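I opened this entry to look up a few backbone and packing details. My notes follow in the order I checked them.

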Amino acid sequence: MFFSSQLKLLLAILLTQVGSGLAVQEIKTDHETVLKINTAGKMMKCSAVMDVLFVMDGSYSVGKGGFERSRHCVQKLCEALDISPKKVRVGVIQFGSTPRLEISLDSYSSREDLKKRIKKIHYRGGSTQTGLVLKYVLRKGFPSRGNSIVPRIVILLTDGKSQGAVQLAASELKQSGVLLFAVGLRYPRWEELHSLASVPVESHVFFAEHFSDAVNGLLTSLSSSSSSSSSSSICMAIPAGCTAESYSCVQKTLETIKQLQGNFMCWKGSKGYSPHTSLCPYYRYTKAYKQLPTVCHRTVCADPCDSQPCQNGGTCMSEGLEKYSCECPAGYGSDPNCAPLLTLDCSVDVLFLVESSTALTLEGFLRLKSFLKRFMQAVLSSDTPVKIGLAQYSNDVKLEAQIGQHRELVKLVQAVDSLQYRKGEAKTGNALRYITRHGFQSAPVFADVQDDLPRVVVLITGSPSADPVVEPAKYARDREIFIIGVAPERMKEEINNITGNPQRTITYSSPDRLSAKIPELKAKICSVDNQGCLGQAVDLIFVLDASASVGKDNFVHLQDFVRSTSVQFDVNRDVAQVSLVIYGRRPVSVFELDTHDSGSAVLRAVGEASFQGGKGSTGSALLHVHSHSLTMGKGARPGVNKAVIVLTDGTGAEDAAVPAQRLRDNGVSVFVIGTGDVQRDSLLRIAGSEDHVITVPFYEDLKYFEDVLVQMVCSDVKKPVNLCRPNPCMNDGICVLLNRSYRCECRGWEGPHCETRLY
């Protein structure tokens, strides 16, 4: 009896896996082609008179994770549409058991307002009544626009696992003149998607997981035939100089196959006093790919990097059809703290960018020239490994000397002496963008010599910029260019925005104090290779004590610390993700790991955190991090090291040891910064290691420990990763390690991470 019940339970668990698996659209292409596709996709814009209706599957089979990916795909598609009452109108319908009109076609007249509304659409759940929603679209989806020839487009985002009849409704919809695209979610049932989509099918079926390819392919289709019987295009989204192409691709689903292995004797009850037995079948469940070879379509643009313009191992970064920049791998120079002489004895490429505007005045320009000349004479010698370039700017930029063009001090000083006052506006933003693209393209000395040195721009300026600087500066920093700013004290805020890190900002109170900054500038140039975690993948969670014991004024110092620290990480979806949790009366997530995909967005969001007050509990905050912040649903990524940084005054930390140990047991690194009169032993119980504890006497001194923390984190998150720690499986699912991968064994749930409840 016991054996039979256990067998039934085992079979029930195995049966939940039937039909599940990994949906893939395999595109056989190389890295360079992928770059071309992405370049084309970002440039494609569809401007025409048309009505676009997104029909989003919000059923239980898609799950909340699939719905979120669906919404992300919708937002990316909207970015390429010219949304206005007289051009593209966009509507959204969500369906599960019943259809729900989320956004009508005439609701929004701007892309920004529409995207904000799409973000507020909530997952509803229910069964997958695809046929019902298509009938709803046929009756009510496209209200009259006063023009019967306006193209009507339905983009259905679903996993293709509909319940009930769907083919008839889809046929009627297409016969009415509607162009129907099918975008697969999660584990698509490709046969159903193909049967629903307009013909030719290969031009109207896409995969939401690869949203870049989906957006590119969909816009390519809109730019070609609008139907099988028409050669006209709905819009011309293909940029000039780009071409649409067809290529072979494979849509695959990893399915579970049930195989009979034999029979065994099992108990069927009893007849009288004798037990009744019978043969019971025994099955084995294996996984296998089901392949659907097809033809895909995409737009590819000629890439300026095809000519391999970057030398010495640099990576070419395309920025349109004609422009590019070169990203060079960072190297390491000597330690400036151990240098006995005031010599640039580190290996870096430095480009000095000097202002030459009317606002600076001729006197100010000559002062900056004199400072630069003195600096070179003080720190350069015949054996200095630093390669130097020189440029000046006002309205535009003039590159006076390429990086490494002059290796002798005499010639470098002559180049500085030759700088001529140019006048014009101080367009610092334009200068930074130009230097990023063109300032570090030097020819190799030998064909086999790799130039893998850190790249530094030293901005020497004396007047505020006449154009925006935040985005151009971020553009440069994102390409691993370190910016050091030298400017008067009154420009400190602007220079901090440019450098992205107050520790790379040098200011002086009066002109006669400028020459005293030579040692500081030398030290900052040689320290760039020890700064930040650029290129290091990490999920980083800051936990700030916002209780009454910290106080509102000191909480501002904690926010400043998070801002200054986070800019030393490469914040985007593929590298570093940042989350912020504060706690006082209760723990609150200010933003999740996947909320922001850029450093500038993180900086803004940190400033929006509100002080709580009340009595704080560090233990409750760490439990919140474990059960909430480090879950797949909140952006935590399997295979990426995770670090939690706690900033506290130590009050309320008595209950934190056990939750902290739980985090560490799950492979999460815990760092603690204690401020004020705090017991180091209590911090050690949280961090678990002396190497993960920092004590700071005053909140105002936090800024001096930013680099210390960053180096601690960067060193620790390079350790090997266990894909099952923390557990990526939701709802008590069991994570099982495979060869370089993992799978979740679910109980009462299904999906790749056990996110969908079984009926």
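Which residue just after H18 takes a positive phi? I found Gly667 there, with phi at about 85 degrees. I keep in mind that this is a predicted model.

**Helix H18**

I looked next at H18 itself, residues 657-665. Its buried residues are Pro659, Ala660 and Leu663. They sit on the same side of H18, because they cover an arc of only 100 degrees around the axis. I noted the general rule: an α-helix has 3.6 residues a turn, so residues three or four places apart point the same way. I then asked what the buried residues of H18 pack against. The list is helix H17 (618-629), S21, S22 and H19.

**The sheet**

I traced the sheet strand by strand. Six strands form an open sheet with mixed pairing, in the order S20-S19-S18-S21-S22-S23. Which strands stand at the edges? They are S20 (587-591) and S23 (693-696). Each has a single partner strand, so one side of each lacks a neighbour in the sheet.

I checked one pair in detail. S18 (residues 538-545) and S19 (residues 576-583) run parallel and are joined by eight bridges. Ile541 has Ser579 in S19 as its bridge partner.

**Helices on the sheet**

Helix H19 (residues 680-687) packs on the sheet and touches S21 (642-648), S22 (668-675) and S23. Its direction makes about 150 degrees with that of S23. Helix H16 (residues 599-607) lies across S19 and S20. I read its angle to S20 as about 140 degrees.

I went on to phi and omega elsewhere. Most residues other than glycine have a negative phi, and most peptide bonds are trans.

Glu480 is not a glycine, yet its phi is positive, near 60 degrees. I placed Glu480 in the loop between H12 (470-478) and S16 (481-488). Is Glu480 buried or exposed? Its relative accessibility is 18%, so Glu480 counts as buried, the cut-off being under 20%.

Cys754 also has a positive phi, about 60 degrees. I found Cys754 in the loop between S26 (749-750) and S27 (756-757). At 1% relative accessibility, Cys754 counts as buried.

Then I turned to cis peptide bonds. One joins Val199 and Pro200, with omega about -5 degrees. Pro200 lies in the loop between H7 (190-196) and S7 (205-207). Another runs from Arg725 to Pro726, with omega near -5 degrees. I located Pro726 in the loop between H20 (706-716) and S24 (734-738).

Conventions
Residues are numbered from 1 along each chain as its sequence is written. This is a predicted model: local features need pLDDT of at least 70, side-chain atom pairs count only at pLDDT 80 or more; totals for chains, interfaces and linings use all residues. Side-chain values use heavy atoms; hydrogens and water are left out. Two strands pair if DSSP finds at least two bridges between them. Helices (H or I, at least four residues) and strands (E, at least two) are DSSP runs, numbered from the N terminus. Contact means heavy atoms within 4.5 Å. Axes are lines fitted to C-alpha atoms, for helices over the stretch in contact, and angles run from 0 to 180 degrees between N-to-C directions. Buried means under 20% relative accessible area, exposed over 50%, partly exposed in between (1.4 Å probe, protein chains only). The arc is that of the directions from the helix axis to the C-beta atoms.
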